[in-house]
Amino acid sequence: MSSPAVSSGPASGAPSGMVGRSTGDRIILGLTIAAAIAMMAPLVWVVALSLKDNKELMVSMNAVFHAPYTLQNYLNILATSSVFRWILNSLIVAGGLTLGTLVLSSLAGYGFARLNFPFRNVLFVIVLMGLAVPEQAVLIARHQLFSWMKLHNTYPGLILPNLSAPFGVFLMTQYFRAIPKELDEAALLDNASRFKIFWKVLLPLTLPAQATLGIFTFLGAWNDYLWPLISGTKKEMYTLTVGIASTQTNFAQSEGLGFLMSQAVFAGAPILILYLFFQKYIVTAVSGAAVR
Amino acid sequence: MIHMLRKTMLAAASIAALAAAHPAMAATELTFQRFFGACDADFGSNTDIAKAVGECGIITSMVNKFNADNPDIHVAVTTVEWPGYDQLTAQFAAGDPPDIVTIHHSALSDYQSKGLLVPLDDVLAANGIKPADFTDASRNGVTKDGKIYGLPIDNWTMLFHINMDLFKQAGLVDASGKPILPKSVDELLAQAKQFKEKTGKPYLIQNLANETALYTRNLYTYLFQQNSEFFADPTKVKINTPEAKKVVEMYKAIFDQGDTTKDLDYAASINAFLAGEGGVHLNGTWMIGDYTASAEKPGTALNKGGYAVYPYPQLFAGKHAQYADGHSLAVSQKDRSDEQTAAIGKFLKFMADHDFDWSRTGHLPAMKAVIESAEFKALPHRDTVAPIAELGTSLPSAVQRQFAIQDIIGQEMSAAITGQKEVDASLADMESRINELLANL
């Protein structure tokens, strides 16, 4: 199967590409491209629908394949008086939650990995058990608790519940455990305090894990719908997900499909931008390389 | 002179003090939580209700107009994703519900039974609105335990939306040009067969994919038409009955014979009807406007032979009836001042007075005077669907969790009609699942 071009490629120092690839590589490449297209197609479809007039789509979906296209659906979103408030709310909630989770998970992870204290293992197991409890199971109790504390329709009300992050504690504990203890001991010999060792020596080494945890936390908080739906019930406290859902008409899937799709794109755009900036860390996180 | 001066100064001081102590002209604030979406771009500042179109446009303009006409009251609107009951329940639990909220007639019991809503009889009476002003379907929909718990603003139901061109091809149009609709199950099946033979297309367009509501509404309608009292006890359903079996088997026969579309979801079913892919689209009152507009546009499938719309045909020998629901404006139970209560009454009166404007959405008006008015009858196709105001029948008002019940019925009917389950097994499961739900409220 080798063509002259293939066999002569490496010898002539040709740049990498299809030239010089084996048949197996080509098959894998082809399958990868096919998979990428399959995954991209729905996204392209959503964007294309968002650029069409609702009434055209109501008559026929084929309208998506020909002009005219319009940005009116996006302009309608921006014309919603509260949309920028909702974006700000989402940024505050997702940002606050990310920061809080990183601080608490790092401290807890360090404690579980490095410090000896009574019931450490039992406590660690209890924290891990939190991974097995779905949010829905504690929703009513949590809602009542926050009602009692009068924290609904406040930023703390939206941020605090998810600060208890068993996954974050587990991730950071494992990461701290993987760092050689000799580093701590060397710092101790230099008369460094426990906090200084944590802050100056170990924490910088956990940056990849921090990035992973931060990205996952931010993405989760940005996309969260259930808790903001029932806690932030005043219009001015909606997050973006709840806010844009509230602008849908009753029959959005038929009468307002273009608008519906523009909402999906609009809500996803900040995440796409985040991905572009933190692509390397996200890929690392997804591939699991961050967990040693 | 000094006395005069004193009096003048005192009067001036009093006026100044009054002005300062009237921070308002401080308008009485009411919170109004509704679905129907947001449409600020088109109608955010519109106060000319006649210019508004669609549910969102009309209700937005109505509130704008009310605020403009009543500077002493400000209605602040919060929109929620349809139907918004998760949020509303959470708000009640947190002790912070909105003053006024949109609620389906079928969902009123869920809140009224827990004492969360204010009976409105006195508020409505104080503003000159009498229960007798409402259509029967509307009044029944909002009356719970003998009291009115919401201002009904409309009734909606499912209809036979008909492609007249295909009906003509199928020979299902009478001499006067009206569609010939079946009068029994046998006639329905025969006409569906005839339709397919003549046109090559299915008689019914139904959204059977990702759907529960359509199945449920169909079942309720044909149970009512058999005088089946499946909710004689509102806390326990008796639906594993011969009457229910007849209905499910009828829809199964239609499915098995290919006389219906099978794999369409809601949006696709609308596309299919607009493209002329079937004779009758089972859909709600809210589609009348869109289908009328399509029928008036040259070159469309509905423009060829016209568009007609009718209530569901009477297929059984019982009372003339079909399932209907409606929207209402309910008022939450919470501490409020007399001024706020008066403001709520004024707002409800305004909404009742503008029931015709709301009826332009396609929904049937809740007020008798509107449904009998010439201007309403002049709206397209309202003459043929007006009987719904009398035919429309809800579940008994004390039945709770009607949205959850709808899901169960839809799932079980879907399984039976598509052949995943025996009809008897589906009905048995339907009954036991609903009763389990109602036993654990």
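At what angle do helix 10 and helix 11 of chain A pack, and how many Å apart are their axes? In this predicted model, helix 10 (residues 181–189) and helix 11 (residues 194–202) of chain A meet at an angle of about 120 degrees, and their axes are 10 Å apart. Angles of 65 to 115 degrees count as roughly perpendicular and those over 145 as roughly antiparallel, with the rest, apart from those under 35, being oblique; helix 10 and helix 11 of chain A are therefore oblique to each other. The crossing of helix 10 of chain A past helix 11 of chain A is right-handed. On the side of helix 10 of chain A, the contact is made by A:Leu183, A:Asp184 and A:Ala187, while helix 11 of chain A contributes A:Ile197, A:Val201 and A:Leu202.

Of the 441 residues in chain B, 49% count as buried. When contacts in chain B between residues at least 6 apart in sequence are considered, 76% of them join residues at least 24 apart.

The domains of chain B come next. Domain 1 covers 7–153 + 326–393, and domain 2 covers 157–324 + 400–439. Between the C-alpha centres of these two domains of chain B lie 32 Å. Where the domains of chain B touch, 20 residues of domain 1 are in contact with 22 residues of domain 2. On the domain 1 side, the elements of chain B giving two or more residues are helix 5 (105–112), helix 19 (382–385), helix 20 (388–391) and strand 14 (392–393). Helix 5 of chain B gives the most to this side, with 4 residues.

What, then, of the nonpolar cores? The largest one has 132 residues, and the members that touch the most others are B:Leu219, B:Val248, B:Phe347 and B:Leu348. Helix 10 of chain B (residues 213–224) gives the most to this core, namely 7 residues. Both domain 1 and domain 2 of chain B give residues to the core, so it lies between them. A closer look at B:Leu348 shows contacts with B:Val123, B:Leu124, B:Asn127, B:Leu151 and B:Leu329, leaving aside neighbours within four places in sequence. A second, separate core is made of 16 residues, including A:Ala108, A:Val169, A:Phe176 and A:Leu202.

Terms used:
Residues numbered from 1 in each chain as written. Chains lettered and ligands numbered in written order. Predicted model: local features only at pLDDT ≥ 70, side-chain atom pairs only at ≥ 80, totals over all residues. Core = buried A, V, L, I, M, F, W, Y, C linked by C-beta atoms within 7 Å. Buried ≥ 20, exposed ≤ 12 C-beta atoms within 10 Å, placed from the backbone. Domains from an automatic or database assignment. Contact = placed C-beta atoms within 7 Å. Axes fitted to C-alpha atoms, helices over the stretch in contact; angles between N-to-C directions. Left-handed = near helix turned anticlockwise from the far one by under 90°.
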